[in-house]
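I am keeping these notes as I look through the structure, one topic to an entry.

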Amino acid sequence: MKRELLDDFVIGSGSWGLTTYSGKKLYTADEKAWVVLLGLAGEQKKRNVVDWHVVKGSIRSFLREAGLSESGQYTQRFIESIQSMHGGVFRFEGKPKEREAGTKTKKQSLKERIEGWHLISSFSIDNNSNEFIIVLDRAFIETFISGFHMYARLDIKKFCKQMPTASALHRFFAGHTPGPDGCIRMNMFLVAKATNMLTDYPQDIDTWPSPYVKTQKKRTMLRALQRLIEDETFGPRTGIMNRPKGSDDMVVIDYEPLIKLSVATGKKRLPTK
C-alpha cells in the first residue's frame, strides 16, 4: 500500500507549543503494533531488564500476543508498520516567549528543546526466519508515555481486534480516570477530535463543522460504542446522552469492565476522583 506523505502535520498543541509529525501517514493498525511492542517492553522493564526498550522475538509470537491470525497478510502488515514508524519524525517545539524589550525571542518547550524523535529508533527483521529486533525510542517513552500509564489499562488483544473507531475510543478512554460512579463524561465534539474523527477539517476547529457532520459522526461513534459494550471493553451504561439544542451531546463511558480487569490481572486499580 502506497502511503500519503505528511509534512509538519500538527497532531497536538498546548501552552507549551506544537507537536508535529512528518513522514508516512500512520494508521490505527500501526498504533496497534506499537502498543503490543510497548507492552512487551513494559514487561521487560518490570523484570528489571537493562535494555528493556529492545524487543526481540518472532513475527509469529508477536501476532499471537496481539491475538491476530498468523497469516502472510498480517506478517506483511507488521513489516509495513515497523518501516513506517521508523521513518516518521515527531517534532516537539515550544512557543516563542518574548524577552525584555530589545532582545531576541527564545523558544521554551515542555522540558528541553526536543525534536527528531521516532517511535522506533532502529529495527532488523530476518526475511527467512521472521525473527526481529526492534529498538523503541526509550527517551520518547520515558518523556511522553509517563511510565506506560497511557496504555496500561488497555486490553491489548481486544484492542488489536477492534475496528478503527472502536479501538481509537478504547485507547483514548483507557488513558482517563472515571468519577466516583465508575463513569466518565465528555463532550462528543472533544471525543471526536481527540480520536481523529475530524482530520478532514482544520486542526484549530473548536465546534462541529455542520449539523450534518455531527449527525454522521454521532452514528459512527454510537456503532463503535455498541461494539465496545458487546465485547465487554466498556460497561452497559456506555452511550451518548442527547442534550438541549445549543449544547453538545455527552459521551458516557462505563469503566466497570476495566476496573474488574485491573483487579483480576493484579494491575493497579483505577483510581476515582
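Entry one, helices over the sheet. I looked up helix 3 (residues 72-87) and found that it lies across strand 8 and strand 9, running at about 145° to strand 8. Contact here means heavy atoms within 4.5 Å, and helices (H or I, at least four residues) and strands (E, at least two) are DSSP runs numbered from the N terminus. The axes are lines fitted to C-alpha atoms, for helices over the stretch in contact, and the angles run from 0 to 180 degrees between N-to-C directions. Helix 1 (residues 28-46) lies across strand 3, strand 8 and strand 9, and runs at about 80° to strand 9.

I note that this is a predicted model, in which local features need pLDDT of at least 70 and side-chain atom pairs count only at pLDDT 80 or more, while totals for chains, interfaces and linings use all residues. Residues are numbered from 1 along each chain as its sequence is written, and side-chain values use heavy atoms, with hydrogens and water left out.

I found an open sheet of three strands in the order 3-9-8, with antiparallel pairing; two strands pair if DSSP finds at least two bridges between them. Its edge strands are strand 3 (54-58) and strand 8 (120-125), each of which pairs on one side only. Neighbouring strands of this sheet are turned by 15° against each other on average, direction ignored. Strand 8 is joined to strand 9 (residues 131-136) by five bridges, and serine 122 has valine 135 in strand 9 as its bridge partner. Strand 3 and strand 9 also pair in the antiparallel sense, over five bridges, and here glycine 57 is partnered by phenylalanine 132 of strand 9. Four of the five residues of strand 3 are buried, where buried means under 20% relative accessible area, exposed over 50% and partly exposed in between (1.4 Å probe, protein chains only).

Helix 2 (residues 59-66) packs on helix 3 at an angle of about 100°, with the axes 10 Å apart. The two helices are therefore roughly perpendicular to each other, a term that covers 65 to 115 degrees, with angles under 35 counting as roughly parallel, over 145 as roughly antiparallel and the rest as oblique. On the helix 2 side I listed Ile59, Phe62 and Leu63, which meet Tyr74, Thr75, Phe78 and Ile79 in helix 3.

Which residues touch the most other members of the largest nonpolar core? Of its 30 residues, they are Trp34, Leu37, Phe78, Phe132 and Leu136; such a core is a set of buried Ala, Val, Leu, Ile, Met, Phe, Trp, Tyr and Cys residues joined through side-chain atoms within 4.5 Å. Helix 1 gives the most to this core, with six residues. Leucine 136 touches, among others, Trp34, Leu37, Val55 and Ile141, not counting residues up to four places away in sequence.

Entry five, two backbone angles. Most residues other than glycine have a negative phi. Aspartate 8, although not a glycine, has a positive phi of about 50°; its place is in strand 1 (residues 5-14), and it is partly exposed, with a relative accessible area of 42%. Glutamate 232 has a phi near 65°, sits in the loop between helix 8 (211-230) and strand 11 (239-241), and is exposed, with a relative accessible area of 56%.
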